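Keep the model open beside you as you read.

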Amino acid sequence: MDLRHLRYFVAVAEERHFGRAAERLHMAQPPLSQQIRRLEADLGVELLHRTTRRVDLTEAGRAYLERARAILADVDGAAHHARLVAAGSVGHLALGCVGSATYSLLPTLSRRLSAELPGVDFSFRGEMLAPDQVEALRTGAIDVALLRPPAADLSLAVHVLRRDRLIVALPTDHRLAGRARLRAQDLAGTDLIVHSADRRSVMYDVVLGLLRDAGVEPRIRHEVGETSTLVTLVAGGLGVAVVPEPVAALALDGVAYRPLAGADARVELAVAHRADRAEPHLARTVEIVRATV
């Protein structure tokens with residue numbers, strides 16, 4: 001017995017006529033009759049009552065029809081699911097985002113992913129520092145990361161998406177808030193709020209390197225783990241912060257954003273995943289991310 005026998009039997013049972021069933025199956029009637037008799041012989045039961053005008057199901061035939069339909073539905077469903085998997089249209093993925101991407105990119109990206117890959121179950125983790133994302137990729141806690149390079153892990157595939165300008169977030173009543181543009185040198189003697197050095201933040205190294213290259217000795221007053229907390233402390237008048245331009249999407253009362261002069265005042269945003277991951281739905285997700293940014 002194979003699946004053809006089940007499909008032949010279901011067609012005859014539903015049409016109650018060998019001729020119509022043969023037409024439906026695009027085959028001749030005699031071979032169809034022979035296959036149904038072979039099926040009954042294999043089962044050792046009579047499935048059909050045959051007359052010159054019609055075909056009726058026996059009790060065994062009615063029971064067999066119910067199970068045959070279920071089996072064929074499962075087989076067809078399995079084939080459909082396999083095609084969806086191969087096309088990258090189903091699965092589960094967790095995405096991690098740095099703070100600035102959480103506010104500026106994630107709303108648009110999540111809508112686009114839901115629209116283009118409705119069969120993929122996405123979950124999102126925002127406000128993740130790059131080192132935490134790299135570790136989460138390594139352990140499988142997340143599958144895709146939007147992070148700030150460098151990601152010093154050769155097991156990762158990293159694609160740079162863009163280079164964001166750096167800007168200064170400062171209290172609206174700060175002495176520098178009246179200027180249209182700031183230089184790194186202008187931050188000399190200013191209280192700074194930065195991302196945490198203990199958590200190996202990429203932005204910590206970027207900001208301190210930028211200031212020291214300008215001959216400014218940083219005066220750090222607060223270190224935080226989340227970008228939203230950093231901007232909140234700026235709004236509270238506790239200092240100023242150098243942040244990627246997309247952070248300006250956090251339009252908090254009491255915070256002004258000013259451009260930071262200098263060709264080097266930029267930081268990269270990249271999408272990363274484990275290089276040994278090749279699932280179609282992950283590849284399609286990365287394609288959508290790259291097309292969205």
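Start with the largest nonpolar core, which has 35 residues. A nonpolar core here is a set of buried Ala, Val, Leu, Ile, Met, Phe, Trp, Tyr and Cys residues joined through side-chain atoms within 4.5 Å. Buried means under 20% relative accessible area, exposed means over 50%, and partly exposed is in between, with a 1.4 Å probe and protein chains only. The residues with the most contacts inside this core are Leu95, Ala101, Leu109, Phe122, Leu146, Leu147 and Val271. The elements that each give it two or more residues are β3 (91-97), α6 (106-116), β4, α7, β5 (144-147), β6 (156-171), β11 (266-274) and α10 (280-292). Those names come from DSSP runs numbered from the N terminus: helices are H or I runs of at least four residues, and strands are E runs of at least two. Apart from this core lies another one, of 22 residues, with Val168, Leu187, Val207 and Val267 among them.

A word on the ground rules: this is a predicted model, where local features need pLDDT of at least 70 and side-chain atom pairs count only at pLDDT 80 or more, while totals for chains, interfaces and linings use all residues. Residues are numbered from 1 along each chain as its sequence is written, and side-chain values use heavy atoms, with hydrogens and water left out.

Leaving aside residues up to four places away in sequence, Ala101 touches Leu106, Leu146 and Leu269, where contact means heavy atoms within 4.5 Å.

Leu146 takes us to β5. In a regular strand the side chains alternate between the two faces of the sheet. Both faces of β5 are covered, with Val144 and Leu146 buried on one side and Ala145 and Leu147 buried on the other. What does β5 pair with? Two strands count as paired if DSSP finds at least two bridges between them. β3 runs parallel to β5 and is joined to it by 3 bridges, with Leu95 standing opposite Val144. β11 also pairs with β5, in the antiparallel sense and over 3 bridges; there, Leu147 has Ala270 as its bridge partner.

Leu32, Gln35, Ile36, Leu39 and Glu40 are its buried residues, and they sit on the same side of α3 because their arc is only 140°. Pro30, Gln34, Arg37 and Ala41, on the other side, are exposed. Just after the helix, Gly44 takes a positive phi of about 75°.

Two residues other than glycine also have positive phi. His26, with phi near 60°, lies in the loop between α2 (18-25) and α3 and counts as exposed at 74% relative accessibility. Glu127, with phi near 55°, is found in the loop between β4 (120-125) and α7 (130-139), but is buried at 18%.

Finally, the aromatics. Rings of Phe, Tyr and Trp (its six-membered ring) pair if their centres lie within 6.5 Å; planes under 30 degrees apart count as stacked, over 60 as edge-to-face and the rest as tilted. That gives 2 aromatic pairs. The rings of Phe9 and Tyr64 have centres 5.3 Å apart and planes at 65°, so this pair is edge-to-face. Phe9 lies in α1 (residues 3-15) and Tyr64 in α4 (residues 59-86), so the pair ties together parts 55 residues apart in sequence. Both residues, Phe9 and Tyr64, are buried. Phe122 and Phe124 form a stacked pair, with centres 6.3 Å apart and planes at 20°. Phe122 is buried at 14% relative accessibility, whereas Phe124 is partly exposed at 32%.

Key
The arc is that of the directions from the helix axis to the C-beta atoms.
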